[in-house]
Amino acid sequence: MERKQGFFSALKEEVVRGLSPARSRAKSPARSGSPMSGLLRRRKQPSAAKHEQLVPRSGSLRPVGETLTPLMEGPDPDGGEIGDAKRGGVGLGQWMKGQLSRTPSMASTAFKRSDLRLLLGVMGAPLAPVHVSTNDPLPHLSIKDTPIETSSAQYILQQYTAASGGQKLQNSIRNAYAMGKVKMLATEFETASRVSKNRNAARDAESGGFVLWQMNPDMWYVELAVGGSKVRAGCNGKLVWRHTPWLGSHTAKGPVRPLRRALQGLDPRTTASMFADARCIGEKKINGEDCFILKLCASPHTLKARSEGPAEIIRHVLFGYFSQKTGLLVHMEDSHLTRIQSNGGDAVYWETTINSFLEDYRPVEGIMIAHSGRSVVTLFRFGEMAMSHTKTRMEEAWTIEEVAFNVPGLSVDCFIPPADLRSGSLSEACELQQDERGKSVISLASNQAKVAALEKAHDSNIDNVVWKIEV
């Protein structure tokens, strides 16, 4: 029992002693720790733990000292500096060429670093399509003068809210904490003439973990540490920011939006609010389970606010698959299309899709939480000329180790943006760079533009989305 209380004892002590994220961020961005570092340290305090309030949580407790340690965010071990991709012109186009041209003997540290940057840039901290607030009430079920697609969606969301624990219980949650483990892997690379598949999934998969904090209204903070690098992102309710070792800290373009990872079975209230304006477009089997399909499209106004310079967000669509048996969300598909217009050249299009499968729902203090899942991401680049497309496929599997609600001592100070936050925003298409042939490519570090893509035909067999590795 003492070990179970120790984490929150240490957390409360840190807050009472005046934890200031702004103070820790005032250091060099290459060396500074995260604002949650103090809250994530676990210490043995038997005498203090006996008097602390118990906070129920999910999952097994890890041994003392086995924590998500802050990782080095300065120069990479192999010599790369912060902003290295930015200065050297290492774009996704060059990365793709390297993947398709290298032989097994070329699997060097440099290539692994490029792979890791792509994985973290795409899957690290993507955002949801539209702005929602936890303070906004769900729409009342209405049948009169309401299209059947809309009223059906409202009914499905009411069933989802009830199955997830009920609106009254969800409204009692002031803040939440979740910690999990992840594995990421780039599995397949394709051009018009060649397909290269990863044959060493067990060896090449990057492992790590993440922590997620949320607090009303609309505040969140996430750290994802994988393969020796760390991505941080957060929202103080007014702006969204993110930090990568290669680009530093930037504000995100467009309206404040929730973290997509929170919608993956961790925050049912925000999930229901996200689909409040959705339409029911039909039914489909997911892993043998009959599901209703809800479709949500970002408005033209939102898309315009997220576009910048030569990069135009054409559309962003989110599909939610709700089980007819349990009422829970079991699958999400994120679809996104971006158009890049180079000076005097042809337009290049980037299509990105994320398919997430949510599994192992278990109650935590009466709230149903998905304790595991997997995502399959496809990046597709086309345009310029016929038969010049490139495609890459990445996958992530995650498990949730701990979940806690109403953590004592958590305050708005824990969601203060970094002190080194740059005034200029970083759009979802990130920075455009020119390779040797003058083609426009997207920087490897684009964190959120690569987390949604073109609306796919839904008659494809989603049940067959598995870890596709040739041996």
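Me: Which ring does the charged end of Arg-374 sit over?

Reply: A charge counts as over a ring if NZ of Lys or CZ of Arg is within 6 Å of the ring centre and within 35 degrees of the ring normal. In this predicted model, the charged end of Arg-374 sits over the ring of Phe-357, 4.4 Å from its centre. Likewise, Arg-261 lies over the face of Phe-210, at 5.0 Å from the ring centre.

Me: On what basis are such values given?

Reply: The model is predicted, with local features needing pLDDT of at least 70 and side-chain atom pairs counting only at pLDDT 80 or more, while totals for chains, interfaces and linings use all residues. Residues are numbered from 1 along each chain as its sequence is written, and side-chain values use heavy atoms, leaving out hydrogens and water.

Me: How many aromatic pairs does a search of the whole structure find?

Reply: A pair of aromatic rings is described by the distance of the centres and the angle of the planes. Rings of Phe, Tyr and Trp (its six-membered ring) pair if their centres lie within 6.5 Å; planes under 30 degrees apart are stacked, over 60 edge-to-face, and the rest tilted. The search finds 6 aromatic pairs. In one of them, Tyr-177 and Trp-213, the centres are 4.7 Å apart and the planes stand at 45 degrees, so this pair is tilted.

Me: Which strands hold Tyr-177 and Trp-213?

Reply: Strands (E, at least two residues) and helices (H or I, at least four) are DSSP runs, numbered from the N terminus. Tyr-177 belongs to strand S2 (residues 175-191) and Trp-213 to strand S4 (residues 206-215), 36 residues apart. Both Tyr-177 and Trp-213 are buried, where buried means under 20% relative accessible area, exposed over 50%, and partly exposed in between (1.4 Å probe, protein chains only).

Me: How many bridges join S2 to S4?

Reply: Two strands pair if DSSP finds at least two bridges between them. S2 and S4 run antiparallel and are joined by 10 bridges; Ala-178 has Leu-212 in S4 as its bridge partner. S4 is also joined to strand S5 (residues 219-226), again antiparallel, by 8 bridges, and the partner of Trp-213 in S5 is Tyr-221. Of the 10 residues of S4, 8 are buried, so S4 is largely enclosed by the rest of the structure.

Me: Which residues form one aromatic cluster?

Reply: Tyr-160, Phe-275 and Phe-322 form one cluster.
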